[in-house]
Amino acid sequence: MRDTARKVEEKYFSNLATHVEFLPVEWRSKLTLDGDTVDSITPDKVRGLRDMLNSSAMDIMYYTSPLYRDELVKGLQQELNRLYSLFCSRNPEFEKKGGKVSIVSHSLGCVITYDIMTGWNPVRLYEQLLQKEEEELEESWMSYEERRLLEELYITKQRLREIEERLHELKACTISKPPVLKFKVENFFCMGSPLAVFLALRGIRPGSSGSQDHILPRTICNRLLNIFHPTDPVAYRLEPLILKHYSNISPVQIHWYNTANPLPYEHMKPSFLNPSKEPTSAPEPESASAVPSPTTSPVLVRRHYGESITNIGKASILGAASIGKGLGGMLFSRFGRSSATPQTMEAGKDGPEGDEKKATTVGTPPLPHSSSGFLEPTVELEHRIDFELREGLVESRYWSAVTSHTAYWSSLDIALFLLTFMYKQDQEETDKSNLDTI
């Protein structure tokens, strides 16, 4: 990622005074976890495949274990803070000049980082489940003795909460709790992320505001961006968790890195997902009343992605065999020419532009009050979150499913995408000063 970002930076952002530095966050090797217990119970047949699974998928099992989850969270949190402090000590002007920090996470690393930033803990979910059970008990029929005991239990729990709150207040007066992270996160880039599945299983459901705050408050992180390859089997979309009808809307297509004058991402209008089969000729228009609304129509059949992968797949084919030291968003390393470990600080954005996806569904004209098939729903996201890599013409989608999950680090498209968002403010200020000069 360092190599690809440097090439993109020299080509597109050489006129800017600032510079983006990528710091790999290697935290996994310091954890003890189960020692060598898992290795000792692993059969010897197809050992290579088993070792790959042990070093990658096992991290998800570790993270869902109450015995090891805290160790994973604290390991990453401490390493993030240590690296930031070290960077600031070597660059004392960074904080004074308002330097900004972004986090680039991969796979499970997105979930761990999200939990660190938001302070989410499974104990909260357990308390919510207990409260729900209490509410259900209230609605059910009970004998006099059962109801009396339940009331006593409620009074005791309420008293316990009051004592705990008072104790926390007294502690807060004497000890100020340091922030979890020593820095404010400007951009949180998720690559090949299963975060949406974790949030859905935690009970997160779509809202009606269209704000990122529904899943990640702006006070914690200014911008959330979810990057994925269409054939990555581990990646999921986040936008439908905020507004349900976005399951019918295409994710934003990331531009090719060598696209000339790409349309800025904020100017790209939302459009319908293409159905799996496209007619050779346009059907007769139907009445406007028959047009489905994105907010009420069922989820469309998913697109047929074809027999190809993007140019990130090209870079990944030779390196896919070195899947290496684990998942966790930080553990796929030494991929292609990139030596960065999967969790990285200080990122920006890129993205070349390709053809916009058709907005209309098969057999239906554009929605009323829309043009060129682009969607104009009554409620829109404040800003887009899901960004999809474009596919190229290399190999089959099945091979792509194997290679795409680890190929993000060496992609020029992603390097430009990251830098574009990281340099966004500086670029706007430079453009404005040039206009003022003219």
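I looked up C110 and found it buried, because its relative accessibility is 0% (buried means under 20% relative accessible area, exposed over 50%, partly exposed in between, with a 1.4 Å probe and protein chains only). I note that this is a predicted model, where local features need pLDDT of at least 70, side-chain atom pairs count only at pLDDT 80 or more, and totals for chains, interfaces and linings use all residues. Residues are numbered from 1 along each chain as its sequence is written, and side-chain values use heavy atoms, with hydrogens and water left out.

I then checked for disulfides (pairs of cysteine sulfur atoms within 2.5 Å) and found zero in the structure. The cysteine sulfur closest to that of C110 belongs to C190, and at 3.9 Å it is too far for a bond. C190 is also buried, at 0% relative accessibility.

Next I followed C190 into strand 3, where it is the bridge partner of S105. Strand 2 (residues 101-106) and strand 3 (residues 185-191) pair in the parallel sense over five bridges (pairing takes at least two DSSP bridges; strands are DSSP E runs of at least two residues, helices H or I runs of at least four, numbered from the N terminus). I found six of the six residues of strand 2 buried: V101, I103 and S105 on one side, S102, V104 and H106 on the other.

Last, I looked at helix 5 (residues 69-90) and helix 7 (residues 108-118), which meet through residues including L72 and I112 (contact means heavy atoms within 4.5 Å). I list the residues of this contact as five nonpolar, two polar and two charged (nonpolar: Ala, Val, Leu, Ile, Met, Phe, Trp, Tyr, Cys and Pro; charged: Asp, Glu, Lys and Arg; polar: the others, Gly among them).
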